[in-house]
Amino acid sequence: MKADMVKTEVINSIIEGYKGKEEQLIGLLQDVQAQCNYLPREALVAISEKLGIPLSQVYGVATFFRAFSLKPQGLHKVIVCLGTACHVRGGLR
């Protein structure tokens with residue numbers, strides 16, 4: 001339970017740093033995701049309420065860009081190359 005409280009405090013402090021800078025929503029979302037490894041629903045709601053941005057707009061930006069994730073991510077990402085160059089070099093092996 002304490003971890004959730006710490007995460008909420010961190011998210012709130014990030015949001016406070018963006019007060020009056022609503023046009024920097026993408027930067028704000030990047031900072032929150034950097035701390036949490038994803039964008040928790042609570043963070044999206046808090047951003048909407050504290051900055052006066054409609055939740056639909058915050059959610060729209062978060063889902064538009066592939067760099068954002070609404071689901072918890074692991075610490076390390078494994079990406080498999082499926083491109084032509086990898087196939088030619090024996091990527092299936």
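This is a predicted model: local features need pLDDT of at least 70, side-chain atom pairs count only at pLDDT 80 or more; totals for chains, interfaces and linings use all residues.
View 1. Setting aside residues up to four places away in sequence, Gln33 touches Tyr38, Leu39, Ala67, Phe68 and Ser69.

**View 2. Ile47 and the largest nonpolar core.** The core shown here holds 21 residues, and Leu25, Leu28, Leu29, Val32 and Ile47 are the ones that touch the most other members. Helices H1, H2, H3 (41-51) and H4 each give two or more residues to this core. Zoom in on Ile47: beyond its neighbours within four places in sequence, Ile47 is in contact with Ile15, Leu25, Leu28, Leu29, Val32, Gly52 and Val58. Ile47 is also listed among the buried residues of H3, together with Ala43, Leu44, Ala46, Ser48 and Leu51. Just after H3 comes Gly52, with a positive phi of about 70 degrees.

View 3. Ile26, Phe64 and Phe65 make up a nonpolar surface patch of about 310 Å². Ile26 belongs to helix H2, which covers residues 25-36. With 37% relative accessibility, Ile26 is classed as partly exposed.

**View 4. The salt bridge between Glu16 and Lys19.** Searching the whole structure turns up one salt bridge, and here it is: the side chains of Glu16 and Lys19 meet with an N to O distance of 3.7 Å. Glu16 is partly exposed, at a relative accessible area of 43%. Lys19 is partly exposed as well, at 42% relative accessibility.

View 5. Tyr59 is a residue of helix H4 and is partly exposed, with a relative accessible area of 44%. Along the chain, Tyr59 and Leu44 are 15 residues apart, yet their C-alpha atoms are separated by 7.0 Å. Leaving out residues up to four places away in sequence, Tyr59 touches Leu44 and Leu70. Leu44, for its part, is one of the buried residues of H3.

View 6. Leu70 lies in the loop that runs between H4 and helix H5 (84-88). It has a relative accessible area of 33%, so Leu70 is partly exposed. For a sense of scale, Leu70 and Gln57 are 13 residues apart in sequence and 15 Å apart in space, C-alpha to C-alpha.

**View 7. Confidence along the chain.** The protein chain averages a pLDDT of 87, and 92% of the residues score at least 70. Among the elements, helix H4 (residues 55-64) has the highest mean pLDDT, 96, while helix H1 (residues 2-16) has the lowest, 79.

Key
Residues are numbered from 1 along each chain as its sequence is written. Side-chain values use heavy atoms; hydrogens and water are left out. pLDDT is the predictor's confidence in each residue, from 0 to 100. Helices (H or I, at least four residues) and strands (E, at least two) are DSSP runs, numbered from the N terminus. Patches are made of residues with over 30% relative accessible area and no salt bridge: like charges are joined within 9 Å, nonpolar side chains (Val, Leu, Ile, Met, Phe, Trp, Tyr) within 5 Å. Accessible areas come from the Shrake-Rupley method with a 1.4 Å probe; for residues, only the protein chains shown count as cover. A salt bridge is a side-chain nitrogen of Lys or Arg within 4 Å of a carboxyl oxygen of Asp or Glu. Buried means under 20% relative accessible area, exposed over 50%, partly exposed in between (1.4 Å probe, protein chains only). A nonpolar core is a set of buried Ala, Val, Leu, Ile, Met, Phe, Trp, Tyr and Cys residues joined through side-chain atoms within 4.5 Å. Contact means heavy atoms within 4.5 Å.
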